Every structure is written in C-alpha cells, then in structure tokens.
Amino acid sequence: MNEKHIEKKREKEKQTVSAMIGIYCHGMHQRRRGELCQECQGLLDYAVLRTEKCPFMETKTFCSACKVHCYSKNMQERIRDVMRYAGPRMLLVHPVLALRHIWVTIRSKKNRMENEYVS
C-alpha cells in the first residue's frame with residue numbers, strides 16, 4: 001500500500017471520528033452543529049493525534065478492530081460512549097460516512113473469518 005493511500009485512509013478515519021464527536025456534542029451538550037464544547041474538542045484532538053501516530057494504518061480498519069489499543073482507558077470509555085450515541089444517528093446526519101463505515105466493517109469481518117478458516 002503506498003503512502004498516498006495510507007494518508008487518504010488516515011484522513012477518512014479522522015473525518016469519521018470528527019463527525020461522530022460532532023453528533024455526540026450536539027446531542028449531549030446542546031452545541032450547534034460544527035461547534036464542539038471544550039471536553040469534546042479535547043477528545044477530538046486526542047483521537048486525531050492517535051490516528052496521526054498510528055503505525056498500523058496500512059493494515060487496520062478501525063481502532064475498535066485493532067489488536068493494540070493506544071487510547072488510555074479513560075479515553076477508550078469516552079470514545080465508546082460517543083460511538084454508542086453517534087453510531088445510530090450517523091445514517092441520518094452523514095449517510096455516506098456511515099455506509100462507508102458499515103461496508104469496511106463487514107468486509108474486514110469477512111476477511112478475518114476467511115483467514116481463520118484457512119489457518
């Protein structure tokens with residue numbers, strides 16, 4: 001996989017997490033769309049930094065599917081809360097991002113099952 005493809009993948013992941021945190025902040029902290037509270041901005045900054053530093057971007061699908069969790073326990077809980085809330089709402093707010101996320105998840109599970117079957 002070339003560097004340009006990896007960077008594109010990295011940007012898509014940052015775009016998805018940003019959209020999910022935005023949905024969460026709008027719903028839970030009553031912020032306008034596109035505006036984050038200080039707490040949610042801190043979480044987004046953390047998630048972006050982790051994505052930028054990820055050494056497994058070439059092979060992984062999403063952080064939740066990664067074998068190495070680089071988020072601190074506290075941040076893992078916070079991002080899980082965000083995803084639990086925002087995930088079902090993504091189809092309404094960002095349908096293309098949501099469908100892409102679903103497609104990649106299904107494809108990676110299928111590949112993992114095929115690899116386990118072959119082994």
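This is a predicted model: local features need pLDDT of at least 70, side-chain atom pairs count only at pLDDT 80 or more; totals for chains, interfaces and linings use all residues.
**Gln30 and its loop**

I started with Gln30, which sits in the loop between helix 1 and helix 2. Helices here are DSSP runs of H or I with at least four residues, strands are E runs of at least two, and both are numbered from the N terminus. I looked up phi at Gln30 and got a positive value of about 50°, although Gln30 is not a glycine. Most residues other than glycine have a negative phi. Buried or exposed? At 61% relative accessibility, Gln30 counts as exposed. The cut-offs for relative accessible area are under 20% for buried, over 50% for exposed and partly exposed in between, with a 1.4 Å probe and protein chains only.

**What I am working from**

Residues are numbered from 1 along each chain as its sequence is written, and side-chain values use heavy atoms, with hydrogens and water left out.

**Helix 3 by itself**

I checked the span of helix 3 next: its 21 residues reach 28 Å from the first C-alpha to the last, close to the 30 Å expected at 1.5 Å a residue. The expected span is 1.5 Å times one less than the number of residues. Where is the kink in helix 3? I found a kink of about 45° at Gly87, shortly before the proline Pro88. The bend at a residue is the angle between axes fitted to the seven residues ending there and the seven starting there. I also listed buried residues in helix 3: Met75, Gln76, Ile79, Val82, Tyr85, Ala86 and Met90.

**Helix 1 against helix 3**

I then looked at helix 1 (residues 3-28) and helix 3 (residues 73-93), whose axes come within 8 Å and cross at roughly 95°. The axes are lines fitted to C-alpha atoms, for helices over the stretch in contact, and angles run from 0 to 180 degrees between N-to-C directions. That makes helix 1 roughly perpendicular to helix 3. The classes are under 35 degrees for roughly parallel, over 145 for roughly antiparallel, 65 to 115 for roughly perpendicular and oblique for the rest. On the helix 1 side the contact includes Thr16, Val17, Met20 and Tyr24, and on the helix 3 side Ile79, Val82, Gly87 and Val93 are among the residues. Contact means heavy atoms within 4.5 Å. I sorted the residues of this contact into 14 nonpolar, 3 polar and 2 charged. Ala, Val, Leu, Ile, Met, Phe, Trp, Tyr, Cys and Pro count as nonpolar, Asp, Glu, Lys and Arg as charged, and the others, Gly among them, as polar.

**Helix 2 against helix 3**

Helix 2 (residues 38-53) packs on helix 3 at an angle of about 110°, with the axes 11 Å apart. The two are therefore roughly perpendicular to each other. I noted Glu39, Leu43 and Tyr46 on helix 2, meeting Met75, Arg78, Ile79 and Val82 on helix 3. This contact divides into 5 nonpolar, no polar and 2 charged residues.

**Single residues I looked up**

Val93 is in helix 3 and is partly exposed at 28% relative accessible area. Not counting residues up to four places away in sequence, Val93 touches Ile23 and Arg33. From Val93 to Asn74, 19 residues apart along the chain, I get 27 Å between C-alpha atoms.

Arg50 lies in helix 2 and counts as partly exposed at 23% relative accessibility. Which residues does Arg50 touch, not counting residues up to four places away in sequence? They are Cys70 and Tyr71.
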